[in-house]
Amino acid sequence: MYQAVVISQWIVSLTILFELAVLFRRINNKVYAYLYMLCVSMLVSAFGYLLNLVSFSEEAQFMTNQVVWAGRVFALVSSLRMSLAICRTRIPKPWDNLDFAVATATMACLTTTKQTGLFYKNVTLGTDAPWPYLIHERGPAYFIWDIFCIIIVGFCIGLYIRSSLKEKDNNRRKQIIMLTVALFSEIAIGMLTALPAGKYYDFNQIGYLISSIFMVVAIMKYNLGDIEQFTKDYMFDELSSAVIAVESDGEIAYYNKTALELFPEISIDDRETLRHIEKTILSRGSIMFNDKVYTPEEKEVESGRKIIIVNDSTRQYRHIRELEEQKRIADNANRAKSDFLTSMSHEIRTPINTVLGMDEMILRESSDDSVKGYAMDIRSAGRTLLSIINDILDLNKIESGKMEIVPVSYDVSSMIYDASNMIRFKAEEKAISFDVSVSSEIPSRLYGDDIRIRQVLVNILSNAVKYTKSGSVWFRVNLTRDESEEDEDSVVLHFEVEDTGAGIKSEDMDRLFSAFERIDVEHNRNIEGTGLGMPITMQLLKLMGSELKVQSEYGKGSKFSFDLKQEIIDRAPVGDFEKNIKNLMTEQYFYTESFIAPGATILLVDDNSMNRKVFVALLKKTRINTIEAESGPEAIRLASSQHFDIIFMDHMMPDMDGVEAMKHIRENKYGPCADTPIIVLTANAIAGSKENYLREGFDDFLSKPVSADKLETVIRENLPNDLVEPAPAENQDAAKSKIPVDVSDFPAIFGLDWRVAMMRLQDKDILNSVLEEFNNSIDYQADKLANLRASLPDSFAEYRIMVHGMKSASGSVGIIPLSGMAEILERAAAGEDLATIERLHDLFITEWRSYKDRLKEYLAAFTEDKEATEEISKPVLDALLKMLADSMEDMDIDGADSAIDKLSDYKLPDKLAGVFADLKAAVSSLDQEAVQRILTDIGETGT
């Protein structure tokens, strides 16, 4: 019996040794390395037990027993490591070295057990068997080891079962099953040690033998640890990109070394890490690590599994940053260009608007047909020039695809005349024949964007005259047929411009439509131009569904043509074009209100009383009921208590600006003004301003100073149709017979341009009334601005708003120098430029106050006719002062103005007369505190 046991142990040892020899040549990956460690551990245990069988002393038995346990302990550790590698599973980093720690502690307890009794207690030599053995009691460390073994073995079996169920590769599944059988066989046989015979013989040794046989089969037959697979694993581990494999149930099945470096927490909480990565993928974000940028991407594979790859995109990221920087530089350059164009636009528009304004007065007041004809030409050319400036400023919109075509109903004869009239003068200057031919069959009114059509025609006609030294330019407009479809509601206009000019070389044809390109520069170096005309023309025609066709012969001339489809509004033909134009030029021009709307009520919100007075005066003949508000909060209160058909909202007001007030009104979804159009009033009329205000939520835009025709146009476009009525015929007759105001009759007042004032206010009585109010507020506004100047730099915003109102007030009455100085101060306040304010403020205040004396004589003459002679009675005075106090307390602007007007009709007591000008100024400025203070003083001193 003894010999048989010894021989069997030799067989176990030699079998494991053979397995080691086979494995030694194949150690090229983690699985083989851990399997080799496992076999070494089993060989140590088997060889130690063989020595134990031939040891006959207690000391020898104890020493060989330690060798057995050393192999057994590290066999368990190797089994765990091999199982993790085969099943491609990682354990959290804190648990990664726990098995080695427990194994080392177990061996330490075993070697010191005679001194500590931690592993064995009461160790003696047993002699009642065919071979010697140790008799002992188990210590606490022994029990801990047993528990640890059960946990590790159960964990490994669970790994193998899960992997075999998920594995689709048949050969690999067999490998895992074979290993599971090997592990189960060792466990099953090892459990025999618990039998009574187990104290004489270690059945684990037979378990090692059976387990080794299964492993050899797995190695030889199923090629355990396939080199190709583990080569792939190695490559994945060494990749610079992080690779994470995710199972269909959301569990992470694999991650490489780079993934562990990027996401150290993946070994602790892989689900949270995965959620973080997936969130980054959804947001298309990046991950920063060690000055590098990583971009994650997700790829679906099969059965819901996916692979997440986190690539090193540092170089691409830096390239993108470089591109962004270049784009920023380009955007800044483009913005600088836009700012320049905007600034130039402002400088050019101002004199053009003045010319057009003066021309408007000529048309209104002149009765000479020849003079009116010249004035009509000025109006046509000025409007065309203004349109061209605006369209050039829209070049950025064209380039960015934001240009819009806005179709309206237009008069064909007028549009063609406007387009050709300015060109006619240029042709006459060069002694070039200019012939216009318009088909008499064209409908008189069409629907389209006449502004853009006119711009296209002006560009083409200007080029024709510009490049023609002698000969002729022909402008023809005819009807053509649309071959693609029959449409009775539209026509196709054929425009054609032909010249006997320089012509275009065939090689220059492509450059003709490039921005800022000049063709045949050598011959055309003396010809002015930017080279923008043709590119803009091409883009505009494209937006209108057309294209420009060019026929040219170098040295003989060119022909430009295009077809444009337009809807018919009025089928009546234009007839004789030349006759129509003569009638248009000699037609009596007069101004009157274009409509009346006695049933309409509008709310005017403006902190400047003069602006409100001008606004109300311009609408006087339309019979519109106008309610005034001097602040944003008051506008909100009024808009929440009654319905208004339109709200005009000044932008720049103290405390609450117009934008904020508009948004508060809009927030009241169920209020009486929920659907009321709100139109912004602003002096900020530079390019792009209208679009910005519309984006904020306004319905329309009206620039200051407000003109009657623009104001009436905006109101007609926004008032409900049922509120608008035609102006009475008698008003038009009265306007025709009214004697025009001759501005030469006005006295010369330094800085006051009577023509500008009349152009804006259009009525002498209104002008005188506004001037009187301006005069009354001079000291009040100067004092207030001076106080704000003293509190700078803390009051830049308030200073800007105040000087903005003074700019508007002086501009309304035609005092251009004051308005210009105020604008400089306004810009300085906006930019918090204290140095500029310090240089100009005192000079501006001095100049501002000087108009108190400059206007004194004129206003005195104006007020002589209405000088009051009737002394006011005490009851009437008390009633009017109480009415004024109550109106100011309730911010009833109409009531306060009415009280002041009635007081003006009487001869006032000396005490009140001395402060009446200040009282009027305070009421005009809606300064409740100042009015209350003056009224208190009057009450204290008596009247």
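Mentor: Let's talk about a few helices and one serine.
Mentor: This is a predicted model, so to speak of local features we need pLDDT of at least 70, and side-chain atom pairs count only at pLDDT 80 or more, while totals for chains, interfaces and linings use all residues. Residues are numbered from 1 along each chain as its sequence is written, and side-chain values use heavy atoms, with hydrogens and water left out.

Trainee: Which residues are buried in helix α21?
Mentor: In α21, residues 632-641, they are G632, E634, A635, L638 and A639. Buried means under 20% relative accessible area, with a 1.4 Å probe and protein chains only. Helices here are DSSP runs of H or I, at least four residues, numbered from the N terminus.

Trainee: And where do those buried residues sit around the axis of α21?
Mentor: They fall within an arc of 155°, so they line one face of the helix. The arc is that of the directions from the helix axis to the C-beta atoms.

Trainee: New topic: at what angle do the axes of α29 and α30 cross?
Mentor: Roughly 150°, and the axes come within 10 Å. That makes α29 roughly antiparallel to α30, a label for angles over 145 degrees. Axes are lines fitted to C-alpha atoms over the stretch in contact, and angles run from 0 to 180 degrees between N-to-C directions.

Trainee: Last one: is S462 buried or exposed?
Mentor: S462 is buried, with a relative accessible area of 14%. S462 is found in helix α16, residues 450-466. Leaving aside neighbours within four places in sequence, S462 is in contact (heavy atoms within 4.5 Å) with I423 and K426.

Terms used. Buried means under 20% relative accessible area, exposed over 50%, partly exposed in between (1.4 Å probe, protein chains only). Helices (H or I, at least four residues) and strands (E, at least two) are DSSP runs, numbered from the N terminus. Angles under 35 degrees count as roughly parallel, over 145 as roughly antiparallel, 65 to 115 as roughly perpendicular and the rest as oblique.
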